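Here are my notes on this one, jotted down as I went through it. Have the structure open while you read.

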Amino acid sequence: MREAYQSELGQLADKLASMCSMVADAMELATRALLEANLGLAEQVITGDERIDDARSACEEQAYALLALQAPVATDLRTVLAAIHAAESLERMGDLALHVAKAARRRHPAPVLPEPVNRYFAEMGRVAVQLARRAEEVIRSQDVAAARAIEDADDEMDDLHRHLFTLIMNKEWEHGVASAVDVTLLGRFYERYADHAVSVAKRVVFVVTGRMPGTVSDDDL
């Protein structure tokens, strides 16, 4: 019985790791759609979001079944509860990639971004995808040091986001209010995506150590 239960927990972790891969792919495609004004890529992200939602539902269904049928305690209970929270964060990461893709579709065939900010969003996209890939690795490895390092890597995203905001507020900004609003919202999507990746990593630390690092607020999207 115990062996079967551990197998169930392993399957749950595999599902979460697969969700990480899915949301990383979604943000990678969404960023390309944004930078290239590529409608096909945007539509691919938009139609693929349902798979991420279904994956979250599958994770939660399995987690709640384990809670109801197995009455886990100690580390096993932490694992199940952390999985429920992580699935929520990952689903929100998918939603944020979806928002980026929808922005690209809404402005098509015109580009969403003025040329001077393209390189910042290219870098924010790179960092976001990297964080999601690293979250997948720590879910599989349960490596606490690697999980904590994700929070340090998030500082790079915060720096990019802050610099982006200074560009918009600069008196020399010449791309209009509508463009400034688009850039502000899109920058926020990337920042929140990274925050949720950090939240997933913190859940891994919680599972292994029994202590939850400083929490990341889960604002409404």
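1. Fold content first: there are six helices and zero strands in the protein. Keep in mind that this is a predicted model. Reading from the N terminus, the order of elements is simply α-α-α-α-α-α.

2. On overall dimensions, the radius of gyration comes out at 18 Å, close to the 17 Å that the globule rule gives for 221 residues, so the protein is as compact as a globular protein of that length. Look at the box as well: along the principal axes, the C-alpha atoms fill roughly 65 × 30 × 25 Å.

3. Next, packing. Of the 221 residues in the protein, 48% are buried. As for contacts with a separation of 6 or more, 82% of them are between residues 24 or more positions apart.

4. The protein has an accessible surface of about 10,700 Å², and carbon and sulfur atoms account for 52% of that.

5. Is Asp182 buried or exposed? Its relative accessible area is 8%, which is under the 20% cut-off, so Asp182 counts as buried. And what does Asp182 touch, leaving aside residues up to four places away in sequence? The contacts are Arg106, Arg107 and Val112.

Terms used. Residues are numbered from 1 along each chain as its sequence is written. This is a predicted model: local features need pLDDT of at least 70, side-chain atom pairs count only at pLDDT 80 or more; totals for chains, interfaces and linings use all residues. Side-chain values use heavy atoms; hydrogens and water are left out. Helices (H or I, at least four residues) and strands (E, at least two) are DSSP runs, numbered from the N terminus. The radius of gyration is taken over C-alpha atoms; the globule rule is 2.2 Å times the number of residues to the power 0.38. Buried means under 20% relative accessible area, exposed over 50%, partly exposed in between (1.4 Å probe, protein chains only). Contact means heavy atoms within 4.5 Å. Accessible areas come from the Shrake-Rupley method with a 1.4 Å probe; for residues, only the protein chains shown count as cover.
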